[in-house]
Amino acid sequence: MQNYLEQLNDAQRAPVLQKDGAMIVIAGAGSGKTRVLTYRIAYLMEQGVDPFNILALTFTNKAAREMKKRISQIVGASEGKNLWMGTFHSIFAKILRFEADKLGYPNNFTIYDTQDSQSVIRAVIKEMMLDKDVYKYKQVYSRISSYKNSLITVKAYFSNPELMEADAMAKMPRLGDIYKSYVDKCFKAGAMDFDDLLLKTNELLTRFPEVLAKYQNRFRYILVDEYQDTNHSQYLIVRALSDRFQNICVVGDDAQSIYAFRGANINNILNFQKDYDDVNVYRLEQNYRSSKNIVNAANSIIEKNKTRLDKVVWTANEEGTKIKVNRTMTDGDEGRFVASSIFETAMNNQVGYGDFAILYRTNAQSRAMEDALRKRDIPYRIYGGLSFYQRKEIKDVIAYLRLILNPKDEEALKRVINYPARGIGQTTMERLTVAANHYNRSIFEVINALGKIDLKINAGTATKLQNFTLMIESFQVLNQTYNAFEIAEHVTKKTGLVQELKKDGTPEGIARIENIEELLNGMRDFVEEQKEMADATGSLAEFLEDVALATDMDNDKGDEDRVALMTVHLAKGLEFPYVYIVGMEEELFPSGMSMNTRSELEEERRLFYVALTRAEKQAYLTYTQSRYRWGKLIDAEPSRFIEEIDSEYLEYLTPITEHRFKPLLDADIFDDIDKSKLRLRKPSAGNPPKGPTEEQLRKLRRLKPVTSDTSKNVDLSSTNLNVGSKVAHVRFGKGTITKIEGVGADTKAEINFENGGLKKLLLRFAKLEVL
Ligand code: ATP
Ligand code: MG
């Protein structure tokens, strides 16, 4: 395919043809940044650059695979295989495998996933006898994670009073001690967590100049996609590796920076020009993905952000249809609307279900969508939920496999030492843990030394323990000759895992056996695939690394014609002809947790920009009037982001008056939730508030009585109330009703409370007692 350069416009071709030097491509969504990166690699290879000397860092492993495939089509399959391409984590995990001993880790170190890390942190909090309601393990984990991503090691932490004070202010004065103990435990277990893969790479490159030189020499050409979302740790790695040759090409869009909450630093893109001697900046303006309507609507949204680089995005694509906005009563209705709209669109346009995506802000929203799709028999796939590798039975098998490579791996050992049951109890485990801490050895080593140390464990238990370590050691011997699939098959039989599930006999047990079979099938394929690679053999070590870093997206074979369901964060870089963005409500999107500062709100807006720009032909925005959140049914307000789109690009499917935003007064009806979180919509000078008038509301209600399902869940006995009725409220005390308005689930009462003054309450929330 020689004419690949002709598949680029002039602006795209320029960075592709600049073989050497530092360059940045800053451009809006869908303008071909990823295409530029892909073609640039093909071009470099065509110019004689050895693929071994090219490093390309992508956002998902799937993106890397797709790029590789495309490049292989251009330059030939055998060459493409040798490229170093993948996520930061997967590439640097590989490098760390070679170099681990320099940092005091075994080469077969385990990679702890989030669950493993959190479980270690829970254990530390317990050991330190801290209050687990104050030291919430997930919160502790994310704080430690952000320290690591800012390269704040334990030592650096303790020499920084500001950090310690910040944690003390957050009521966690012992955070540093937890951090230290967590790091020690991981190190002792020969384990790195996800953040270590970057932190330790940085350590490696700074502490060992000869190692740095080796990789600088190796990666003469470096390319980074989605550069706007690199964090400090990733930034430093790229900086160090590219320092010698300065052949670096990064592409990104500041308007799509959506990982600040995980430490991504938008300044990496803004400061790129200062970081290298001679930087060429390229801009792309033409969007090839979306219709005019979508591109223009997206532009009108992102313009509202103050912090942004000025960019032009236009498209020569057709006008397309307007963005459709739909309101429903409940999230169940929302699901049904989306499912039937997908069904009809697929029928009318004769397209497959793979052309559709449903995007949401939070994973919890997928349930209503799933229910509705299932009822309609529409095939779908959820990304980013509980992934295959996180299922219990799969984690059990994997834990055995991890132990084979690294018997110090404490999380794996604890998981399976007594599964299937071998009569090894909790007390025994506690004694072993204490001894392991005391002798500064792993539990595995302690078991192997049982005869030589003084430990209160009876002979029977000791034999059981030693049988376990003997079994693992016998697997280790086989692992020297078996490939990943062979060893896993052996393990599932010998450990009794499958027999245990067979004994169970329930449908769940059978499903679990099927999953294990699926795992084995996957491993067989993996081994076959690896055999074709230049530097792989299909070993267990390779497989485990793949699994540890696999995201749900990576397992997507792409050959299924299913509706894709995922969070907006996951959808970055992807595209679909038809996109439904659901839950377009205040407090949900924008998220209620991210509305405290302008910068948080701007990140939410960028997230919405990302969502909208995934659509090629048609975008839908849906929201519901009421939704269960935090266990309560709340009245939802349509998202400000709908209102922010220029109305000429929108088409309201339900009558426009129903989409109007609530007037300021209504903030008062949320007596049950934190009012400081509510947005008070100030009417701007000269413009009346946007809400419908009382007259309009009344008319509307007469036309369309409220028939929300939610009313079933609500005590409406209080609707017998009249003006003048005496009532009592938990917080405001006794009061007298002065006015009643609305009907059904929407009924509100104005009440004059003895303690609280005049309040307007939505009756279905207010839980009034009639006196
Ligand atoms: P995002 O910001 O969402 O990551 P992007 O800038 O990386 O988007 P691409 O994914 O590379 O954009 O391109 C968007 C779509 O436009 C893809 O389907 C791509 O194949 C197509 N495309 C890009 N450039 C051209 C071109 N010159 N001619 C035709 N199609 C193109
Ligand atoms: Mg892209």
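Which helix gives the most to the shell around ligand 1?

1. Helix α2 (residues 33–46) does, with 3 residues, where helices (H or I, at least four residues) and strands (E, at least two) are DSSP runs numbered from the N terminus. In total, 19 residues surround ligand 1, and the closest are G32, K33, T34, R35 and Y288; a residue counts as near the ligand if its C-beta atom, placed from the backbone, lies within 6 Å of it. This shell divides into 4 nonpolar, 10 polar and 5 charged residues, with Ala, Val, Leu, Ile, Met, Phe, Trp, Tyr, Cys and Pro taken as nonpolar, Asp, Glu, Lys and Arg as charged, and the others, Gly among them, as polar.

2. On the basis of the model: it is predicted, so local features need pLDDT of at least 70 and side-chain atom pairs count only at pLDDT 80 or more, whereas totals for chains, interfaces and linings use all residues. Residues are numbered from 1 along each chain as its sequence is written, while chains are lettered from A and ligands numbered from 1 in the order in which they are written.

3. Helix α7 (residues 137–149) packs against helix α10 (residues 175–188) at an angle of about 75°, with the axes 11 Å apart; axes are lines fitted to C-alpha atoms over the stretch in contact, and angles run from 0 to 180 degrees between N-to-C directions. The two helices are therefore roughly perpendicular, a term for angles of 65 to 115 degrees (under 35 is roughly parallel, over 145 roughly antiparallel, the rest oblique). V140, R143, I144 and Y147 of α7 meet L175, I178, Y179 and Y182 of α10, contact meaning C-beta atoms, placed from the backbone, within 7 Å. The residues of this contact divide into 7 nonpolar, no polar and 1 charged.

4. Helix α16 (residues 292–302) is largely enclosed by the rest of the structure, because 9 of its 11 residues are buried. Among them are N293, I294 and V295, and the cover over the buried residues includes β11 (323–328), α28 (598–612) and β16 (615–624).

5. S539, found in the loop between α26 (507–532) and α27 (540–549), is partly exposed, with 18 other C-beta atoms within 10 Å. Leaving aside residues up to four places away in sequence, S539 touches N483 and A484.

Definitions and conventions:
Two residues are in contact if their C-beta atoms, placed from the backbone, lie within 7 Å. A residue is buried if 20 or more other C-beta atoms lie within 10 Å of its own, exposed if 12 or fewer, and partly exposed in between; C-beta atoms are placed from the backbone.
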